[in-house]
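Take a look at the model below. The report that follows walks through a few of its parts.

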Amino acid sequence: MIRVLPSTIDVIDSHTGGEPTRVVVAGGPDLGVGSLADKRERFREEFDHLRSAIVNEPRGNDAIVGALICEPYEPDCVCGVIFFNNVGCINMCVHGTIGLAVTLAHLSRVEPGTHRLDTPVGVVEFQLEDDHLVSVANVPSYRATKQMALEVADYGTLHGDIAWGGNWFFLCDDHGQRIEFDNLPRLTECAWRIRHALEREGITGADGGVIDHIELFGPYLDPSADSKNFVLCPGGAYDRSPCGTGTSAKVACLLADGKLQPNEVWRQESIVGSIFEASGSVQGDRILPRIRGSAFVTAEARLILDSSDPFCAGFRS
Ligand code: PYC
């Protein structure tokens, strides 16, 4: 069933290391009862046009990640959240969690300290250190496959790890591209080719999930960093932040290879030069990642959804 769109939606926009988050604070849909995974399914099936109206043009753009605040299902959580982007819902989003934490602080809904957050892939914790600085104890992460060889059209045989950090990632070092801001078109093209090669070969994450994030690494520019990355998101936009779920996947690979020690800090630089500090502790065959970054509120706004507007439900260019 497709539901009628509300006439207004109140949002608060922020950015985390340059990557935007749009938190829906009022006017969002009633998704009924159940786990956050159940609510996400309902949002996906019945409110996809609302998702598009919130993040896509003409009110948004391809880079925005939406965050719908919901009633939590798990106990002692400050709230639940469903993250979504220009093409659908995503499992987990760390930059979005940092943006949400700073937004909740802006609304005086949370104080500095540690808070639990219910998500479709499990409970995560965030620690609000001050008005802007947040660290996130992300979902347990792991490497599923080490250095898989992949035939990529026009790029030859590339190699990459497949790892889970709250989303599925293909992490590649031998792509041969410059990881620099003025090289975005080439990076985007190369990452899309990798994504298509994975699809063509039927390669998925260990649970059958789509590997919908591609992460390319290269030398850092910021001398305080350990590495620089470019991350292609599912809808073709690149992540302006270092991508917290991608950095969790990276830390899982580094720990598995013995290149990073438990609790040692890894500083991941993004394509726009922002940095996340990351570390991981080991729990059985999983690592527990912690990602630290800062976010800033950029707008409080009321979106108007006029049903006579031919582009009311948004569009993608
Ligand atoms: O920070 O986890 C993240 C993320 C996922 C997609 C965009 N950002």
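A residue counts as buried when its relative accessible area is under 20%. Keep that cut-off in mind. The model is predicted.

**Helix 3**

Helix 3 covers residues 94-106 and is mostly covered: 12 of its 13 residues are buried. Among the buried ones are Val94, His95, Gly99 and Thr103. The length of helix 3 also checks out, because 13 residues at 1.5 Å a residue should span 18 Å, and the end C-alpha atoms are 18 Å apart. Just after helix 3 comes serine 108, with a positive phi of about 60°.

**Serine 14**

Serine 14 sits in strand 1, which runs over residues 8-16. Is serine 14 buried or exposed? Its relative accessibility is 2%, so serine 14 counts as buried.

**Nonpolar cores**

In soluble globular proteins, nonpolar side chains tend to be buried together. Here the largest nonpolar core has 61 residues. Phe170, Ile194, Leu216 and Phe230 have the most contacts inside it. A second, separate core has 20 residues.

| Nonpolar core | Size | Residues include |
|---|---|---|
| Largest | 61 residues | Phe170, Ile194, Leu216, Phe230 |
| Second, separate | 20 residues | Leu31, Ala53, Phe84, Cys312 |

Methods:
Residues numbered from 1 in each chain as written. Predicted model: local features only at pLDDT ≥ 70, side-chain atom pairs only at ≥ 80, totals over all residues. Heavy atoms only, no water. Helix = DSSP H or I, 4+ residues; strand = E, 2+ residues; numbered from the N terminus. Buried < 20%, exposed > 50% of the residue type's maximum accessible area, 1.4 Å probe, protein only. Expected span 1.5 Å × (residues − 1). Core = buried A, V, L, I, M, F, W, Y, C linked by side-chain atoms within 4.5 Å.
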